[in-house]
Amino acid sequence: MKLTRRDLLRAGMIAGAGAAIGLPELLASDGASAQQLDPTTIPQFVTQLFVPPAMPTAAVTRGYDRYSIGARPFRQQVLPHGFPATPVFGFGSTTDPRTFRAPGYTIEATVDRQTRVTWANQLVDASGDYVRSLLPIDPTLHWANPPGGTKDRDSVPVFKRTPSAYTGPVPLVVHLHGGHTYEDADGYPEAWYLPLARNIPKGYATVGSSYYRFREEAYERAGVRWATGMAQYAFENDQRATSLWYHDHSLGIARTTVRSGLLGMYTLRGGPGDLPGGVLPGPPPRRGDRPGTRHYEIPLVIQDPAFTTDGRQYLPPVNTFSSGPYIPETDIPPIWNGVYYGNTLTVNGNTWPNLNVEPRRYRFRVLNGCASRPLTLKVVSHPLASVPAEAALPIWVIGSDGGFLPVPVELSGKTGLPMLTAERYDIIVDFTGLKPGTHLYLTNEGSAATVGTTGSVMRFTVVPLRSRDTSVPPRHLDLPKPPALRAATKTRRVSFSEQGSSFQFNVITQYLCGTVNSDGIPTALGWGDPVTENPANGATEVWEIWNFSPEGAAMISHVFHIHLVQFEVLNRESIGGGAVTGPHRWETGRKDSCAAPTGVITRVKAHFDHRGRFVWHCHFFDHEDNNMMRPYVVT
Ligand SMILES: [Cu+2]
């Protein structure tokens with residue numbers, strides 16, 4: 001798709017004419033009104049891909065790298081120039097205000113060298129008053145609930161009449177996804193903290209119910225001190241080289257904070273699980289890069305926001321699956337939606353960017369950072385080709401969540417790379433031999449994709465070669481093998497299910513985790529129920545994830561995620577029995593997140609080696625926010 005300046009102007013005009021053509025009017029939290037932005041009016045491939053630089057350190061000592069990272073509100077040109085800037089929440093180094101970006105810069109870490117991060121909740125305005133959530137928070141869920149005070153925080157509040165969206169200060173607690181962490185550094189959902197704002201309402205809890213316990217523990221274990229409005233985590237980085245990511249994990253609101261931009265990549269390099277420099281395409285962005293440094297390893301963080309015509313991000317302010325009545329008259333949440341797919345795609349914080357590529361190999365570290373949207377990625381010659389399209393170039397998968405695969409996997413022909421929320425893939429695309437001026441497209445053929453909008457991810461434009469490619473062709477790579485896991489001493493059955501309304505047919509009120517007994521009968525359990533998963537420290541266990549959500553138009557896989565460990569996907573089997581299928585070729589490394597399809601038992605194996613309290617959950621943010629998350633304790 002070639003866009004001219006005239007197209008740009010036309011897009012702007014159509015966006016501005018929304019009111020005249022009668023789109024539904026949406027009331028913003030500040031009382032202003034705006035219409036939803038039609039994604040087909042947004043010109044594509046006009047913004048150059050933003051390559052997130054490496055996050056600057058605050059200090060480098062003999063023992064560790066120290067970071068001081070804040071979460072702040074600001075505006076960012078997410079849509080192409082000519083459109084309004086978008087209010088976002090994003091991370092950045094407090095040592096340099098120019099580093100704030102949504103998604104955030106990449107934290108570069110080294111295997112077996114400690115990283116210490118101070119995560120400061122700075123969601124305040126210039127005068128020091130707290131800022132409201134950018135997206136509607138439903139206060140009827142089991143959530144952080146600061147207005148509940150120290151008595152009723154982290155609970156399901158009771159209402160006498162249907163409440164409107166929460167407009168108070170926004171909690172923050174950051175989880176390093178995929179990290180082999182101690183519990184005090186894991187970003188437990190009830191270890192949140194409010195910003196240090198001037199105007200916190202009287203009676204509000206300023207921290208979650210676990211904050212002080214983990215603050216104490218962090219001091220005793222690592223000697224780090226947490227000041228008000230922040231937490232400091234020490235990461236040991238004693239795991240295989242891979243791509244992790246950091247994001248807010250506050251109880252019941254992460255679908256809003258992560259959509260707002262509170263996420264970023266964390267790349268761990270070195271150790272026996274990595275390859276020597278020069279084998280793979282590089283360099284990646286590094287701390288202290290000179291301006292103009294060319295990168296051949298690039299992170300791609302994909303999200304699916306929707307917008308209003310005034311440039312704000314859009315998330316429905318009401319439950320679109322039911323017109324009410326809502327809680328407390330029924331059991332239906334007034335604002336939460338069981339799933340919401342935005343109608344655009346962004347990469348590294350811009351809609352449908354372009355990347356100029358030389359005719360050589362590139363390494364991309366891809367994250368599905370969408371709240372719930374499944375992606376299936378492919379490199380094609382035409383972005384509007386009917387699906388499944390024939391790939392123009394193969395995607396070589398060399399790694400996933402927990403480091404390198406045993407062998408490189410070539411995906412070509414009509415096979416795309418499926419990625420659910422939170423999954424990462426380390427891929428190589430080889431543009432060698434392509435003529436300058438050639439356009440190729442990264443497309444999405446995931447189940448909810450619309451050709452031309454959410455079916456398009458980004459464009460590659462081939463430019464002349466500037467330096468010779470000395471990396472090893474992917475088919476010849478000899479990858480470091482994942483260390484073998486011991487035989488499991490226990491098999492544990494857990495469940496995913498959903499709760500239908502007692503008042504309205506076909507309306508889901510919450511999603512749940514739970515257990516499964518020896519007869520295959522599930523017991524649904526929510527966040528507040530007593531711990532049922534308690535592996536012994538040092539144990540290797542098989543977990544069977546039984547997904548009881550019914551088949552149907554609205555139904556999709558859930559995505560199983562567990563903190564602390566990197567597991568091996570063993571196999572999948574229908575709950576009713578039948579063939580047992582092994583992991584997909586691209587799932588043969590270590591994973592921390594994987595598809596747990598409807599009607600299927602997904603088996604994974606993991607080694608638990610840190611005592612403490614962690615969580616496992618479905619990683620669709622729309623689900624985990626409404627009870628599809630459970631604490632577990634390594635004893
Ligand atoms: Cu789910």
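Figure 1. Two strands count as paired if DSSP finds at least two bridges between them. Strands themselves are DSSP runs of E with at least two residues, helices are runs of H or I with at least four residues, and both are numbered from the N terminus. What you are looking at is a predicted model, where local features need pLDDT of at least 70, side-chain atom pairs count only at pLDDT 80 or more, and totals for chains, interfaces and linings use all residues. Residues are numbered from 1 along each chain as its sequence is written. Here, S6 pairs with strand S11 (residues 263-269) in the parallel sense, over five bridges. Look for Thr110, which sits opposite Arg269 in S11.

**Figure 2. Strand S30, covered on both faces.** Is strand S30 (residues 558-562) mostly buried or exposed? Five of its five residues are buried, where "buried" means that 20 or more other C-beta atoms lie within 10 Å of a residue's own, "exposed" means 12 or fewer, "partly exposed" is in between, and C-beta atoms are placed from the backbone. In a regular strand, side chains alternate between the two faces of the sheet. In S30, His558, Phe560 and Ile562 are on one side, Val559 and His561 are on the other, and all are buried.

**Figure 3. The partners of S30.** S30 pairs with strand S34 (residues 593-596) in the antiparallel sense, over four bridges. In that pair, Cys594 of S34 is the bridge partner of Phe560. S30 also pairs with strand S36 (residues 612-618), again antiparallel, over three bridges, and there His561 stands opposite His617. Put together, four strands make an open, antiparallel sheet in the order S34-S30-S36-S37. S34 and strand S37 (629-634) are the edge strands, each with a single partner strand, so one side of each is left without a neighbour in the sheet. From one strand to the next, the twist averages 25°.

**Figure 4. Ile302 and the largest nonpolar core.** A nonpolar core is a set of buried Ala, Val, Leu, Ile, Met, Phe, Trp, Tyr and Cys residues joined through C-beta atoms within 7 Å. The largest one has 157 residues, and Ile302 and Val397 touch the most other members. Strand S9 (residues 230-235) gives the most to this core, with five residues. Leaving out residues up to four places away in sequence, Ile302 touches several residues, among them Leu345, Val366, Cys370 and Val457 (residues are in contact if their C-beta atoms, placed from the backbone, lie within 7 Å).

Figure 5. The chain is split into domain 1 (59-274), domain 2 (342-476) and domain 3 (490-634), with bounds that come from an automatic or database domain assignment. The C-alpha centres of domain 1 and domain 3 are 25 Å apart. Their contact takes 17 residues from domain 1 and 19 residues from domain 3. Helix H4 (residues 254-260) gives the largest share of the domain 1 side, three residues. That side divides into seven nonpolar, seven polar and three charged residues; Ala, Val, Leu, Ile, Met, Phe, Trp, Tyr, Cys and Pro count as nonpolar, Asp, Glu, Lys and Arg as charged, and the others, Gly among them, as polar.

**Figure 6. Arg259, a buried residue in H4.** Arg259 is found in helix H4. Why does Arg259 count as buried? Because it has 28 C-beta neighbours inside 10 Å.

**Figure 7. Lys414, out in a loop.** Lys414 lies in the loop between strand S21 (403-411) and strand S22 (417-419). Lys414 is exposed, with 12 other C-beta atoms within 10 Å. Beyond residues up to four places away in sequence, Lys414 touches Pro388 and Glu390.

Conventions: Contact = placed C-beta atoms within 7 Å. Axes fitted to C-alpha atoms, helices over the stretch in contact; angles between N-to-C directions.
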